Amino acid sequence: MLDWEAAWHAALYGPSGFFARGEKPSGHFRTSPLVGPELAEALLVLLARVDAALGFPPVVDFVDVGAGGGELAFAVRTLATGSLASRLRVTAVEVGPFVELPGVRWVREVPPCVGLLVGHEWLDAIPCPVVRGPSSDPWITRWWPSLEDGELAEVGSPRDAAWAAAVSGVRGAALAIDYGHLVSSRRFTLTGYRGGRQVPPVFDGSCDITAHVALDACAAAAGGDWVLVSQRDALSALGLSGSASGSGWDWLESAARAGRIAELRDPGGLGGFGWLLHGCGVGVADLLPGSPALPPWRPNPASFSGG
């Protein structure tokens, strides 16, 4: 029988694996950091709130886990201003070859931090065991009770453990941004991406292999004070909005920015991603105003297509 988890891990992180040899997400699919600087702007608002809640420590961290080409980490470093910029330490965590970027340090293991840790499309790339129903696996029993005989399911326990470990080393806040599902909407979603196209998952290192994240299970594993909302609602709560205004070049620039924000907030696309935010010694309500009243995240059914 195929050891799915081992084959998946080797295909991504083995000696000739997809990420280990230096492939970057930007070459294969579009992510929020590639849209423009607006995601980094919103995360800097969140980081500033974390900084204030911590009492403005001498060093404040921004840790980008699964950093890929470092686009998000570099944008945060570049856009930071004032006192925050002078105390900011930006760390990119990546298993593949590092990309030299001014002001960004690279490491291979998730470090402890005082500030904000972000796992942007990190958890979906953590390999999982795969089982076929019926299954007595404890994780399946709790988190995928709808599994029917003959159906396949990804066992999310490695993601739960990875997220809980990352959150445990944070004082401030930890944020997972990813596509996923809930216990009410589980579906087998293992798939591949290569050159901008979704492809069948093959375990030869030729493509990225990914699957939706059980964000509710990750939240429970890490525990503490947390909220799970959509990217659309989170960006709104962080003040990211825009519309075309002015004239001439000003209008063109504002229109371009409004278009990028619309893409980030599109409920049928990136705006449908889940934002799982944990407060680590800091109240989530202080970081994401209105979070108790924000609509709870619901998976986008269109994200399951082809999975």
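This is a predicted model: local features need pLDDT of at least 70, side-chain atom pairs count only at pLDDT 80 or more; totals for chains, interfaces and linings use all residues.
Where do the two partners lie along the chain? Arg186 sits in the loop between strand 8 (180-181) and strand 9 (191-194), while Asp216 belongs to helix 8 (residues 215-222), so this contact ties together parts that are 30 residues apart in sequence. Arg186 is buried as well, at 10% relative accessibility.

Why might such a pair form at all? Side chains of opposite charge can pair when their charged atoms come close.

Arg87 is found in helix 5 (residues 82-87) and Asp51 in helix 3 (residues 38-53), so the pair links parts that are 36 residues apart in sequence. Are these two residues buried or exposed? Both Arg87 and Asp51 are buried.

From there, take a look at Arg89, which pairs with Asp61 in a salt bridge whose closest N and O atoms are 2.6 Å apart. This time the partners come from strands: Arg89 lies in strand 2 (residues 88-93) and Asp61 in strand 1 (residues 60-65), so the bridge ties together parts that are 28 residues apart in sequence. The surroundings of the two partners are worth checking. Arg89 counts as partly exposed, with 36% relative accessibility, whereas Asp61 is buried, with a relative accessible area of 2%.

Let us finish with the cysteines. A disulfide is a covalent bond between the sulfur atoms of two cysteines. How many disulfides does a search of the whole structure find? The search finds zero. Cys113 shows this in detail: the nearest cysteine sulfur belongs to Cys280 and is 8.1 Å away, while a disulfide needs two sulfur atoms within 2.5 Å, so Cys113 is in no disulfide. Cys113 is buried, at 5% relative accessibility. Cys128 is in no disulfide either, and its nearest cysteine sulfur, that of Cys218, is 8.8 Å away. Cys128 is also buried, with a relative accessible area of 0%.

Technical notes
Residues are numbered from 1 along each chain as its sequence is written. Side-chain values use heavy atoms; hydrogens and water are left out. Buried means under 20% relative accessible area, exposed over 50%, partly exposed in between (1.4 Å probe, protein chains only). Helices (H or I, at least four residues) and strands (E, at least two) are DSSP runs, numbered from the N terminus. A salt bridge is a side-chain nitrogen of Lys or Arg within 4 Å of a carboxyl oxygen of Asp or Glu.
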